[in-house]
Amino acid sequence: MNSYTLAPRELPLDDAWDVIVVGGGPAGCAAAAAAAREGARTLLLEATGCLGGMGTAGLVPYWMTWGDGKKPVIRGLAERVYTACLNGMPHASKQEHSGPIDAELLKRIYDDLVTEAGARVLFNTQLAAVDAQNGQVDVIIAANKAGMTAYRAKTYVDCTGDADLAAWAGAPFVQGDPATGELMPVTHCFVLTNVDDYAYTYGRRLWPDVITAIVNSGKYPEIASRHSCNDPVGPGTIGFNAGHQWDVDNTRPETASAALIQGRKIAKAYRDALAEYLPAAFANAFLVNTASLLGIREGRRIIGDYCLTTEDYFARRSFNDEICRNHYPIDIHTAKHEVAADKQGQFSVMDRYEHFRPGESHGIPYRCLCPRGLRNVLVAGRSVSCERPVQAAIRIMPVCLGMGEAAGLAAALAARETTDVHSVDTAHLRLRLREEGAYLPEAMPALEG
C-alpha cells in the first residue's frame, strides 16, 4: 500500500479528564462506571450509537454463566447489570446464574449505569490514532461528526475488544493460534419474531437433529456448521447466536465487512430453513433484525505483566492480585478443518477440555490487565494477557464486566497517585472491589504468590 503524509495541523484538545475509557461494551461500561464512582473525571468513547457491545448492538441473546454452579462468583457492577436485565424480563424463563437478554432493555441499563455514576459518554466516536512516547500515552485522537479531536487523560482503559489503543501505542501483543495464526470463526447474530412459543419450546428437544439435517441437506449452503445457539428474548421472539464464518480478522476491516454481508444472508437462510424443517414453530417467522456488530470471538491479546496460562486454569489457581473469578469452560469454536466432522455430529467443541465441577473457579490477576511497556494504559475484556485456550473461557460478557470494573477502579487510583498502572496497590484495589460487592476470597487452593 502506498503511504501519505498528513500536513501539520492543529486539533482541538480536550484535556479535562482523569480517565478515558475507549469502547463501550460490557468491560468499558463497567470501567467507566467504576472510575467515575471513585471520583475520577471519566469520559467513555463508543464507536456505535449504544452501550453494551455484543449484548446490545451485537444481539447476543443469552448471558453465559455468572456462577460456579453453587453461587454467583461475578458480582459487583456485573451482578447489578444482570439482575436489572432479568428483573425487566418477566415474560422470559430464567435459570440460576444465567438467562436471556432483551437488547433494548440492556441498552437502557448500561446508559443508567454509566451516567448515574457520573461518567460522560460520547457515541459515534471512533478511536483514530494514539500519540505515545517513551511508554506513556500523551493523547488519543478520536473522530466523529465534529471532526478530529485530541483527548488527554492521566490514565486510559482500552476496552476496544482488540486492544487497539494499546497496540497502536506500541504495546506487544499476540493473535490467534500460536502455531497457525487461525482465529475462531465469527457469528452474525439475528432475531426472528412471530415464532410460535409453544411449538418452539416443544421443538427444542428436536433441535440437534433438525440442525444436522439442515446442514447436511445442501439446500442452505450458507449454513456451514451446526452452531445454532438460540433463546427466547421476548414473546414470540427468538434471538440467534448462530452460524459460523472463518478467515475473518476484525483488525482487517475488509474481512469483517465481507462477513457482515454474508451474515445477513446466513440469517435469511436460517429463517427459511427453520420454516421448512420445524414449521410448527417457524412457518410464519419473520427476520426482524440482524446485528449491527459482528460477533468477534478473538482478536489481539496483549502481552502483560502476567500471562494467564492453561495450567493456571486447570489448577483452579488463585492469585494474590486477582480481581475477579471465572467458572465458564474453555469454548473454542469449530475450526475450519473441523467442519466436515462437525456436519456429521462427530464431536462437540464443548468436549475439548474438562469442565469445572460445581463450586470451582479460577482467578484472573490484575497483572493480566497491564500491558508491558505502557505506564498509563490498562486493558480489559477479551484482549487481556492470557494463553489462547484461557481467552476462550474468559471472553464472555459476565467476566468482561468483572474485569472492566477492576480496570476502571485501578485507573482511577492510578490517576489519583502516580499514573503508573503497574504500581497500583492491589491490596487496596481488592479491598475496594470487595467493598463494592466483588467475590474475591481471601484464601483459595493453589494460591500463587
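A: Let's start with β11 and strand β12 (residues 237-242), which run antiparallel and are joined by 6 bridges. The names follow DSSP: helices are H or I runs of at least four residues, strands are E runs of at least two, and numbering goes from the N terminus. Two strands pair if DSSP finds at least two bridges between them. One of the places to look for is Cys229, whose bridge partner in β12 is Asn241.

Before going on, keep in mind that this is a predicted model: local features need pLDDT of at least 70 and side-chain atom pairs count only at pLDDT 80 or more, while totals for chains, interfaces and linings use all residues. Residues are numbered from 1 along each chain as its sequence is written, and side-chain values use heavy atoms, with hydrogens and water left out.

Back to the strands. β11 and β12 belong to an open sheet of 4 strands, ordered β11-β12-β10-β13, and the pairing is antiparallel. At the edges sit β11 (228-234) and β13 (286-290), each pairing on one side only. From one strand to the next, the twist averages 30°. Lying across β10 (190-193), β11, β12 and β13 is helix α7 (residues 253-277), which runs at about 155° to β13. Angles here run from 0 to 180 degrees between N-to-C directions, and axes are lines fitted to C-alpha atoms, for helices over the stretch in contact. Contact means heavy atoms within 4.5 Å.

Strand β6 (residues 126-133) pairs with strand β7 (residues 136-144) in the antiparallel sense, over 7 bridges. Gln126 stands opposite Ala143 in β7, and Ala132 has Val137 of β7 as its bridge partner. The hairpin of β6 and β7 has 2 residues between the strands, and in this hairpin Asn134 takes a positive phi near 55°. Another hairpin then joins β7 to β8 through 2 residues. β7 and strand β8 (residues 147-158) pair antiparallel over 5 bridges, with Thr149 in β8 as the bridge partner of Ala142.

Now for the helices. Two packed helices are described by the angle between their axes and the distance between the axes. Helix α1 (residues 26-37) packs on helix α3 (residues 103-117) at an angle of about 25°, the axes being 7 Å apart. That makes α1 roughly parallel to α3; angles under 35 degrees get that label, those over 145 are roughly antiparallel, 65 to 115 is roughly perpendicular and the rest are oblique. The crossing of α1 past α3 is left-handed, meaning that the near helix is turned anticlockwise from the far one by less than a right angle (clockwise would be right-handed). On the α1 side, the contact is made by Pro26, Cys29, Ala32, Ala33, Ala36 and Arg37, and on the α3 side by Tyr110, Leu113, Val114 and Ala117. These residues divide into 9 nonpolar, no polar and 1 charged. Here Ala, Val, Leu, Ile, Met, Phe, Trp, Tyr, Cys and Pro count as nonpolar, Asp, Glu, Lys and Arg as charged, and the others, Gly among them, as polar.

α1 also packs with α12, at about 30° and with the axes 6 Å apart, and this crossing is right-handed. From α1 come residues including Ala27, Ala30 and Ala34, while α12 brings residues including Met397, Leu401 and Gly404. By class, that contact has 11 nonpolar, 2 polar and 2 charged residues.

A salt bridge (a Lys or Arg side-chain nitrogen within 4 Å of a carboxyl oxygen of Asp or Glu) joins Glu38 and Arg416, at 3.8 Å, N to O. This pair links distant parts of the chain, 378 residues apart: Glu38 is in the loop between α1 and β2 (42-45), and Arg416 is in helix α12 (residues 397-416). The whole structure has 32 salt bridges.

Finally, α12 packs with helix α13 (residues 426-435) at about 125°, with the axes 10 Å apart; the two are therefore oblique to each other. Their crossing is right-handed. Glu405, Ala406, Leu409, Ala410 and Leu413 in α12 meet His428, Leu429, Arg432 and Leu433 in α13, a contact of 6 nonpolar, 1 polar and 2 charged residues.
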